[in-house]
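Subject: Structure handover

Hello,

Here is the structure for you to look through. Please open it beside this email and follow along. My notes come after it.

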Amino acid sequence: MFAARDLSYSYLDRFPALDRVSFDIHPGEQVALLGANGSGKSTLLKILAGLIFPSSGALSAFGQPLTEESLADEQFSADFRSRVGIVFQNPDTQVFSATVREEVAFGCLQLRLPQEVTEQRIADILTLLDIGDLADRAPFQLSGGQKKKVALASVLVMNPDVILFDEPTAALDPRTQHWLIDLIAQLGASGKTVVIATHDLHTLADLTTRAIVFAEDHTVRSDGPTSEILRDHATLHDVNLVHDHAPR
Ligand SMILES: Nc1ncnc2c1ncn2[C@@H]1O[C@H](COP(=O)(O)OP(=O)(O)OP(=O)(O)O)[C@@H](O)[C@H]1O
Ligand SMILES: [Mg+2]
C-alpha cells in the first residue's frame, strides 16, 4: 500500500517533524504510529494522505510515486483520493457542509457515483454509525463526538481501501470509544488497511497488530508486532510513552 524511504519533513524548513523514516505498509495491515506528543505522527498521516509532501525521501502508494506532481494528474489523484481516507483528530477541520446528509454525500459526488447508489450508500452509512437522526442537522452545531461520527461517515461512504485515523478515541466518552474500537476492528477484519496515530497504549492491542514507534527526535525507534512493543518497557520509557512514578 505504502513504501516510505528516508522520509524527512520540516515545517517552514525550521521545525523538524520527521527524520529519515522508512517502512512498508502492506494491504490489510492494522498499524499503529506510536509516539509522544510532537514526535511526528500527525505529520506522517498527512503525508500518507497526500496532503503535504516530504522535504526529502521517497514515498509510493499502490506502487506509484506519491508526489505533488503525480497528484496533479487528475486520474491518479481521483483514484488515490477514493482509495485513501483520513479521519482527523479534530473533526472541526473536516466538517463544512450545511447538513450532515450533504457532508456525507460530498465524497460520493466527487466520485461521480449514480444518484441511487449515492443515496443507498448514505442511508447505509448513517445507519451503521447510528446518526440517521442527525441527517438534517448542521454539522457545526453537533457535539464533538457526533461531529467525529459525521467525519467518519464522510470517509467510510467512499469505501476506501486505506483508512488513516489520527487519535481516533481522543475526546470520546467511554461508550463511544468502545463503539469506535469495535468499528475499527471490524474494518480491519473486513480487509481494510488501517493506520492509527496514537499515544494511547490501552487501545493499541485491540486495534493493531503492528506498531511503528517514533522517538521524540522524530526518527523511528522500533517497528514490530504490537504485543512485543507493548512488552518492550525500555523502548516505551525511552520515547516517553511510559514513565516511572516517584515512590510515595
Ligand atoms: N503547522 C506547524 N508549524 C510548525 N511546526 C509544526 C506544525 N505542525 C506541527 N509542527 C511541529 O512538528 C512536530 C511534529 O508534530 P506532529 O503534529 O506531527 O506531532 P504528533 O506526533 O502528531 O503529536 P501529538 O501527539 O501532540 O498530536 C512537532 O515538533 C510540532 O511542533
Ligand atoms: Mg498529532
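**The cores**

Within the largest nonpolar core, which has 33 residues, V104, L152, L156 and F165 touch the most other members. A nonpolar core is a set of buried Ala, Val, Leu, Ile, Met, Phe, Trp, Tyr and Cys residues joined through side-chain atoms within 4.5 Å. Buried means under 20% relative accessible area, exposed over 50%, and partly exposed in between (1.4 Å probe, protein chains only). At least two residues of this core come from each of α4, α5 (115-128), α6 (144-156), β7, α7 and β8. Helix α6 gives the largest share, six residues. Helices (H or I, at least four residues) and strands (E, at least two) are DSSP runs, numbered from the N terminus.

Which residues does F165 contact, leaving aside its neighbours within four places in sequence? They are L45, V87, L152, I184, L187, V194, V195, I196 and A197. Contact means heavy atoms within 4.5 Å. There is also a second, separate core of 32 residues, including F2, Y9, L44 and A197.

**How the model was read**

This is a predicted model: local features need pLDDT of at least 70, side-chain atom pairs count only at pLDDT 80 or more, and totals for chains, interfaces and linings use all residues. Residues are numbered from 1 along each chain as its sequence is written, chains are lettered from A and ligands numbered from 1 in the order in which they are written, and side-chain values use heavy atoms, with hydrogens and water left out.

Look at β8, residues 193-198. Six of its six residues are buried. T193, V195 and A197 point one way, while V194, I196 and T198 point the other. In a regular strand the side chains alternate between the two faces of the sheet.

Strand β8 pairs in the parallel sense with β3 (residues 30-35), over five bridges. Here V31 stands opposite V195. Strand β7 (residues 162-166) also pairs with β8 in the parallel sense, over five bridges. There D166 faces A197. Two strands pair if DSSP finds at least two bridges between them.

Now follow the chain from β7 through helix α7 (residues 174-189) to β8. These make a right-handed β-α-β unit. Right-handed means that, with the strands pointing away from the viewer, the path from the first strand over the helix to the second runs clockwise.

**The open sheet**

Another sheet has four strands in the order β2-β1-β4-β5, with antiparallel pairing. Strands β2 and β5 stand at the edges with a single partner strand each, so one side of each has no neighbour in the sheet. Strand β1 (residues 2-11) pairs with β2 over seven bridges. Y11 stands opposite F15 in β2.

**E29**

E29 sits in the loop between β2 (15-25) and β3. Is E29 buried or exposed? E29 is buried, with a relative accessible area of 18%. Its side chain makes a polar contact of 2.9 Å with that of R210. A polar contact is a pair of N or O atoms within 3.5 Å; within protein, one must be able to donate a hydrogen and the other to accept it, and residues adjacent in sequence count only if both atoms are side-chain atoms.

**Ligand 1**

A polar side-chain atom of K41 lies 2.7 Å from an oxygen atom of ligand 1. A polar backbone atom of G38 is 2.8 Å from a ligand oxygen. For S39, the backbone distance is 3.3 Å.

Best wishes
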